[in-house]
Amino acid sequence: MATPLQFQSIKLYPRLTTGRYNRWRVGFVLSTQAVFFLLPWIDWQGRQAVRFDFSSMRGYLFGLTLLPGDLIYLAGTLILCALGLFLWTALAGRLWCGFSCPQTVYSQIMLWIERWIEGPPNARRKLDAAPWRLSKLGRKGLTQGVMIAFSLATGWTLVGYFTPVRELAPRLLNGAPGQWEAMFALGYAGFTWLLGGHLRESVCKHMCPYARFQSAMFDADTLLVTYDAERGEPRGSLRRQAGGACIDCGICVQVCPTGIDIRQGLQYECIGCAACIDACDQVMDKIGQPRGLIRLDRLAPAAQAEAKPLWRRPRVAVYSGSMSVLVLLMVWGLAVREPFRVDVLRDRAVMARETDDGLIENLYTLRIQNTRPQARRYALKVQGEGVVRTDLRQPLLAPADGTASVQLAVAADPSILARGSHRLTFELVDLSEPQHRVSEPGRLLMP
Ligand code: SF4
Ligand code: SF4
């Protein structure tokens, strides 16, 4: 009987395959997980190479330090990822789903754990049907224990992208993580365990919105997992010799993680994992027929023999053109970006005040954000009509990879300026690298 966890689906016991696509899938699973688990432990110039620190509002990407004003690059990266996914889908259908989507990758790892502890599909089916005895409890408990341990490792690693991972490890092991760290680590671990360990293909079939609209990105030359009905039909067992190449062994269905029969044509449940291709190729090898009864093929009818070159496929051209423009803009933006930023905040508590020598003074706070790994000293120039002098209350010094707030008074001559608000320009120059300078506008109030 279906359980609520299985979204009314029958529990599937897909057979594992071997073959060239399986090797690719294993390679993708291992390489994506190696990157995910190892990246937070890599150091770069004396600090964690990749970390997004909410407390200091800074992001570190190897040699690059990102400040809140750089959110545009985050938006650009997200758009780039979306366009990359669209391009990949236009070229190769749902191969992203079958090979590198985190849902597929985690489901595959959980399936390996299940198979390692509970055995091949038939043994697992038997174990599930057996009454709850001590041996079943032990095996099921061990499976869930290993799955939960793996899920906790994913949660811990994810949080390690947002907090120094080397400090997080001892804190988690001592049972003293911060509140939000524990919450995020457990939340992500819970999702990994639930979605990868239990819901699995139901997520692809019933929850993933991408499955519903990805066909809108296909064109006639998109590569899809396809059954060659012309060659395969009429199907029949080896003994019956119905005429087609398909011997109706059903292995392509048994290996399918979503439980569909690709011989019934393109279906939205197909995640493009190509397990059925590997399985059918092995059957063809055994019966001495050429491989490729199920294969990656274009959507175009056979009559349209020639595939169009990539630049003549409008979707491919639009996606790749937009990606190239975006990459160029981002690289250019990062190349001309100054290594420090300054915000000018007018002191709103004091409107303006008169000095002993009859000038009108406005107070400001300069917030200097230094992204260099060394402390930096700056020179300041304030320009504006009627400005007579500037009076710095502290030295213009920002700590290494940190922020400094400096109080400043700007005095202007009231005999030159009319009442009202007047434009100022604050220019800061890095004294160690004078080619780096930042200008920020401000206003001076004359009462
Ligand atoms: S694996 Fe190949 S031969 Fe066997 S049923 Fe599927 S398509 Fe037919
Ligand atoms: S039909 Fe083939 S490619 Fe599609 S999900 Fe099933 S096994 Fe994977």
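Predicted model: local features only at pLDDT ≥ 70, side-chain atom pairs only at ≥ 80, totals over all residues.

Entry on Arg346. I located Arg346 in strand β8, which covers residues 340-346. I then asked which side chain of opposite charge is nearest to Arg346, and how far away it is. It is Asp347, at 7.5 Å, and because a salt bridge has to fall within 4 Å, I noted Arg346 as buried yet without a salt bridge.

I next looked for polar partners, and found that the side chain of Arg346 makes a polar contact with the side chain of Asn362 at 3.0 Å. Leaving aside residues up to four places away in sequence, I listed Met351, Asn362, Leu363, Tyr364, Arg443 and Leu445 as the residues that Arg346 touches.

Entry on the whole chain. I counted 14 helices and 16 strands in the protein chain. Its radius of gyration is 31 Å, well over the 22 Å that the globule rule gives for 447 residues, so I recorded the chain as more spread out than a compact globule. The C-alpha trace spans about 110 × 60 × 35 Å along its principal axes.

Entry on burial and contacts. Of the 447 residues, 43% count as buried, and the accessible surface comes to about 23900 Å², with 63% of it belonging to carbon and sulfur atoms. Among contacts between residues at least 6 apart in sequence, I noted that 68% join residues at least 24 apart.

How values were computed. Residues numbered from 1 in each chain as written. Chains lettered and ligands numbered in written order. Heavy atoms only, no water. Helix = DSSP H or I, 4+ residues; strand = E, 2+ residues; numbered from the N terminus. Buried < 20%, exposed > 50% of the residue type's maximum accessible area, 1.4 Å probe, protein only. Lys, Arg positive; Asp, Glu negative; His and termini not counted. Polar contact = N/O pair within 3.5 Å; in protein donor to acceptor, adjacent residues only side chain to side chain. Contact = heavy atoms within 4.5 Å. Rg over C-alpha atoms; globule rule 2.2 N^0.38 Å. Areas by Shrake-Rupley, 256 points an atom, 1.4 Å probe, with all protein chains shown as cover.
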